[in-house]
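Dear colleague,

Please find below the sequence and structure that I am handing over to you. My findings follow directly after it.

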Amino acid sequence: MAWTRKILRVNLTKGTCVAEPLNMDWATKYLGQRGLASKYLAEEIDPACDALSPANNLIMATGPLTGTMASTGGRYSVITKSPLTGAIACSNSGGFIGNEIKNAGWDMIIFEGKSPKPVYLYLENDNATLCSADEIWGKSVWETDDILHTKYQDPLLRIAAVGRAAEQGCLYSAVVNDKHRAAGRSGVGTVMASKNLKAVAVRGTKGVGNIRDPQAFIRATVEGKRVLAENAMTGEGLGALGTQALMNVINEVGAMPTRNMREVQFEGASKISGEAMLEPRESDGKANLTTNGACFGCTIACGRISTIDPQHYTIADKPQYAGNSGGLEYEAAWALGSNTGVDDLDALTYANFLCNEDGYDPISFGATVSAAMELFQIGALTTKDTGGLELKFGSAEALTKAAELVAIGEGFGKDLGLGSKRLCDKYGHPELSMTVKGQEFPAYDPRGIQGMGLAYATSNRGACHLRGYTVSSEILGVPVKTDPFATEGKPELVKAFQDATAAVDSAGLCVFTTFAWTLEDIAPQVAAACEGNWTAESMVEAGERIWNLERKFNIDAGLTAADDTLPERLLKDAAKTGPAKGKVNELGKMLPQYYQIRGWTVDGVPTAETLARLSV
Amino acid sequence: MKLTFKLFASLTDLLPKEARDHAIDIDVADNATALDLIDRFRIPRKSAHLVLVNGVYLDPDERGEANLRDGDTIAIWPPVAGG
């Protein structure tokens with residue numbers, strides 16, 4: 001409903017909830033969600049603050065198209081300073097709570113300070129109340145969701161919560177909404193728990209309003225949905241196999257990070273792929289995948305709903321996991337699977353269920369377990385450290401036990417909750433941490449996809465595929481095919497993806513639309529909904545402005561160009577197999593050019609002229 | 001020449017029953033092209049979106065050329081996406 005022009009400011013220290021007007025000058029520059037909330041964060045906190053102190057803020061933000069009839073217009077983001085990276089964090093989630101916040105009449109909720117006791121926010125339209133969380137603190141996300149739904153007797157109540165992992169300080173904890181969707185990366189859930197904020201429960205019934213030109217908006221969104229429906233990727237591919245269709249693709253092109261990124265192809269990839277999720281099991285004749293699912297307003301429906309084999313060891317005495325739940329996406333399947341060397345689809349599904357149940361990022365968790373497995377293999381970790389856990393590559397039992405320990409923060413789960421960087425530092429082998437700025441890599445080895453190396457190194461939230469997904473061009477040919485082994489042109493490609501993605505995120509839309517949509521498809525929807533001169537060009541400019549704002553935040557937080565790098569393994573150890581055999585990532589050939597076209601100094605600092613040009 | 005032929009995603013059903021792990025070994029003429037294989041396995045040409053030879057992208061303009069070699073692996077996907 002475009003902008004509601006209202007913010008809810010919750011001071012947890014004082015226990016107050018106050019409405020205030022949205023800064024419309026900022027809204028017309030930063031659009032909403034990621035961009036606008038980052039502006040608020042940068043203006044309101046000291047970027048150098050301790051991320052887990054009351055001095056940090058946590059913002060739940062919608063975009064102007066959140067809650068509208070635009071396809072995928074159900075997104076919201078959690079913006080804060082990350083305890084994992086020390087950089088700005090913005091974790092995006094679908095599901096239904098973003099729409100609910102908007103329908104309650106709010107563009108964003110800003111949480112300040114720290115509550116003296118655990119609380120949750122109950123928000124019903126204009127009525128905001130901080131309530132005691134005594135009955136839900138110490139509970140999982142799923143239990144919390146059930147308790148609050150029972151308490152309020154409202155099935156349409158939408159809940160975002162942190163689980164026990166966050167309460168126990170796991171540094172990559174997520175904020176999980178609607179039980180199975182998550183603002184997953186960078187430890188935003190850890191920040192929420194540090195504020196003694198257990199959950200946000202929202203019911204909004206105000207409906208859609210404030211659309212600048214309703215008729216034009218209907219025309220633009222209907223046209224956008226037509227484009228998505230007629231595109232084979234968004235109209236068929238993502239619904240059928242979800243993101244898991246990429247498992248075999250990325251393995252075939254030799255960019256599948258395997259066993260803590262020592263290898264680039266996994267011999268068990270087909271067993272944990274999207275295709276494998278469709279194959280009937282011997283035990284009950286059913287497939288792992290029950291059906292697909294969609295977030296609010298989405299016409300793509302990439303979500304996975306899965307069950308675990310009823311005869312699998314993981315659920316032998318745990319009937320609570322026997323039913324349908326959120327299934328494996330490609331990123332989770334890769335991190336839990338090939339990177340740990342585990343090819344047991346049901347073990348991965350179980351571990352993924354636990355990630356949802358207690359709210360921790362499966363990418364960072366899987367990557368941290370894989371680093372621990374390598375530490376174990378070289379003897380830097382022993383069973384004395386792990387509490388008897390034999391952390392061997394390929395061990396499904398080790399993976400699922402590790403997941404159980406991280407969920408509740410017990411035993412070696414405490415160490416695993418540190419994330420890969422701190423774990424490898426603690427056990428004396430920092431070189432084994434596959435991270436950028438302290439955040440674990442996603443599912444694309446940059447030795448086989450050169451542009452992704454630059455995208456990872458320069459991502460404002462540490463290693464991340466969703467800040468500049470050049471895989472789309474380098475592997476899938478969208479919008480144009482580029483050579484994954486070439487470095488020429490990649491700085492320009494990475495910048496274009498980064499800026500466009502920042503704009504899409506800030507509109508309140510899902511980045512998966514961009515397999516079919518360009519900003520030429522999105523801008524008419526934004527322009528019809530919002531005041532201001534929104535064109536594809538002005539959206540790119542807004543995206544570039546947001547990127548530079550995030551960069552400036554990070555520099556003020558103490559990060560430097562030295563943090564724009566990759567682990568030596570990816571820069572010096574050549575890929576051993578596949579099309580990328582013999583190649584390393586050539587970051588050094590791309591980074592100076594990237595700084596130059598960004599309008600930054602050779603040290604990666606935005607120049608005064610650049611900041612002035614973009615009105616940052 | 002002998003090739004390994006792989007189909008994925010919704011194209012998997014077009015493979016013969018003896019295929020394993022989405023793959024089958026086939027004999028083809030020495031001048032066979034990717035398009036020949038696409039037609040032989042009755043893959044709608046518009047569904048042959050991503051064609052990889054030994055993991056390397058084969059441009060649509062090159063799929064009618066005799067650029068395959070004995071021992072190559074050719075893998076084909078319909079339009080897929082992810083993240």
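In this predicted model, 21 residues of chain B are in contact with 27 residues of chain A. Between them, the two chains bury about 1800 Å², and carbon and sulfur atoms account for 68% of that area.

As regards specific pairings, the rule finds one salt bridge across the interface of chain B and chain A. It joins the side chains of A:Glu252 and B:Lys6, with an N to O distance of 3.2 Å.

Three strands of chain B each supply at least two residues of the side that touches chain A: strand 3 (50–53), strand 4 (56–57) and strand 5 (73–77). Strand 5 of chain B provides the largest share, three residues. By residue class, the side of chain B that touches chain A consists of eleven nonpolar, eight polar and two charged residues.

I also examined the nonpolar cores. The largest of these has 124 residues, and the ones with the most contacts inside it are A:Ile250, A:Tyr360, A:Phe365 and A:Tyr444. Another core, of 51 residues, lies apart from it; among its members are A:Ala37, A:Leu228, A:Ile546 and A:Phe553. As general background, nonpolar side chains in soluble globular proteins tend to be buried together.

With kind regards

Technical notes:
Residues are numbered from 1 along each chain as its sequence is written. Chains are lettered from A and ligands numbered from 1 in the order in which they are written. This is a predicted model: local features need pLDDT of at least 70, side-chain atom pairs count only at pLDDT 80 or more; totals for chains, interfaces and linings use all residues. Side-chain values use heavy atoms; hydrogens and water are left out. Contact means heavy atoms within 4.5 Å. Buried area is the accessible area (1.4 Å probe) that two parts lose on being put together, summed over both. A salt bridge is a side-chain nitrogen of Lys or Arg within 4 Å of a carboxyl oxygen of Asp or Glu. Helices (H or I, at least four residues) and strands (E, at least two) are DSSP runs, numbered from the N terminus. Ala, Val, Leu, Ile, Met, Phe, Trp, Tyr, Cys and Pro count as nonpolar, Asp, Glu, Lys and Arg as charged, and the others, Gly among them, as polar. A nonpolar core is a set of buried Ala, Val, Leu, Ile, Met, Phe, Trp, Tyr and Cys residues joined through side-chain atoms within 4.5 Å. Buried means under 20% relative accessible area, exposed over 50%, partly exposed in between (1.4 Å probe, protein chains only).
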